[in-house]
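Subject: Structure handover

Hi there,

Here is the structure I promised to pass on. Please have it open while you read my notes below.

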Amino acid sequence: MATKKVMEVVKGVDLKRYMGRWYEIASFPSRFQPKNGVNTRATYTLNEDGTIHVLNETWNDGKRGSIEGSAYKADPNSDEAKLKVKFYVPPFLPIIPVVGDYWILYLDDDYQYALIGQPSRSYLWILCRKTHMEDEIYNQLVEKAKEEGYDVGKLHKTPQTDPPPEEEGPKDTKGIWWIKSILGK
């Protein structure tokens, strides 16, 4: 069996510049998100202790589902952009911690778009500061993912509206999207 090459990760990311809102342009489908989710986005806020507050939101059947968590450098002494993210699930009764890898595989100089992955290559995200991305940039990021050993055929473009939904929409207070996503719906 062929050995996969070691993933190349961005070095020297300025976390303050990385903070803010990112729109999901495409991703690998995962059990943590509804299959018909739209307007998916992440908002990152730097905490005083150097950790990052994470707010992930998606709209499903007109309702806003969200989950909050935290991120932190996997190795505080490294300049590699290898983060750990931690969420407590289910979102409506947060009791079980789930920790995952968040590796920045590509980030443009202006911090406008990014390619995010993790070592098992099971998850992949293409993020942008705007709700839409130029095809040329998208294709470059897909090519970079392919170079890093990802099966880019699994990428699914995330529908985004312009302008994006209001900050607060009707909430999915029962966590139905999360339950449906676990059941594969």
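**The tyrosine cluster**

Tyr18 and Tyr44 are both buried (under 20% relative accessible area, with exposed meaning over 50% and partly exposed in between, using a 1.4 Å probe and protein chains only). A word on the basis before going on: this is a predicted model, in which local features need pLDDT of at least 70 and side-chain atom pairs count only at pLDDT 80 or more, while totals for chains, interfaces and linings use all residues. Residues are numbered from 1 along each chain as its sequence is written, and side-chain values use heavy atoms, with hydrogens and water left out.

Back to the rings. The structure contains 7 aromatic pairs, where rings of Phe, Tyr and Trp (its six-membered ring) pair if their centres lie within 6.5 Å; planes under 30 degrees apart count as stacked, over 60 as edge-to-face and the rest as tilted. One of the pairs is Tyr18 with Tyr44, which is stacked, at 5.8 Å centre to centre and 15° between the planes. Because Tyr18 lies in helix H1 (residues 15-18) and Tyr44 in strand E2 (residues 38-46), this pair ties together parts that are 26 residues apart in sequence.

Tyr18 counts as buried because its relative accessibility is 2%, and Tyr102 counts as buried at 8%. Ring pairs join Tyr18, Trp22, Tyr44 and Tyr102 into a cluster.

**The nonpolar core**

Which residues touch the most other members of the largest nonpolar core? They are Tyr18, Tyr44 and Ile126, in a core of 45 residues. A core here is a set of buried Ala, Val, Leu, Ile, Met, Phe, Trp, Tyr and Cys residues joined through side-chain atoms within 4.5 Å. As background, nonpolar side chains in soluble globular proteins tend to be buried together. Leaving aside neighbours within four places in sequence, Tyr18 has contacts (heavy atoms within 4.5 Å) that include Val13, Tyr44, Ile104, Leu127 and Arg129.

**Salt bridges**

The count comes to 8 salt bridges, each being a side-chain nitrogen of Lys or Arg within 4 Å of a carboxyl oxygen of Asp or Glu. Glu57 and Arg21 meet in one of them, at 3.9 Å from N to O. That pair links Glu57 in strand E3 (residues 52-60) with Arg21 in strand E1 (residues 20-27), 36 residues apart. Glu57 also bridges to Arg41, with the closest N and O atoms 2.9 Å apart. In this case strand E3 is linked to strand E2, the two residues being 16 apart. Arg21, Arg41, Glu57 and Arg64 are linked in a network of salt bridges.

Another bridge joins Asp101 and Lys84, at 2.8 Å from N to O. Asp101 lies in strand E6 and Lys84 in strand E5 (residues 82-89), so parts 17 residues apart in sequence are tied together. Asp101 is partly exposed at 23% relative accessibility, and Lys84 is partly exposed at 26%.

**The surface and the whole chain**

Phe92, Leu93, Ile95 and Ile96 form a nonpolar patch on the surface, with about 390 Å² of accessible area together. Such patches are made of residues with over 30% relative accessible area and no salt bridge: like charges are joined within 9 Å, nonpolar side chains (Val, Leu, Ile, Met, Phe, Trp, Tyr) within 5 Å. Areas come from the Shrake-Rupley method with a 1.4 Å probe, and for residues only the protein chains shown count as cover. Ile96 lies in strand E6 (residues 96-107) and, at 45% relative accessibility, counts as partly exposed.

Overall, the protein has 3 helices and 9 strands, in the order α-β-β-β-β-β-β-β-β-α-β-α along the sequence. Buried residues make up 45% of its 185 residues. Among contacts between residues at least 6 apart in sequence, 56% join residues at least 24 apart. The accessible surface comes to about 10400 Å², with 53% belonging to carbon and sulfur atoms.

Best wishes

Methods. Helices (H or I, at least four residues) and strands (E, at least two) are DSSP runs, numbered from the N terminus.
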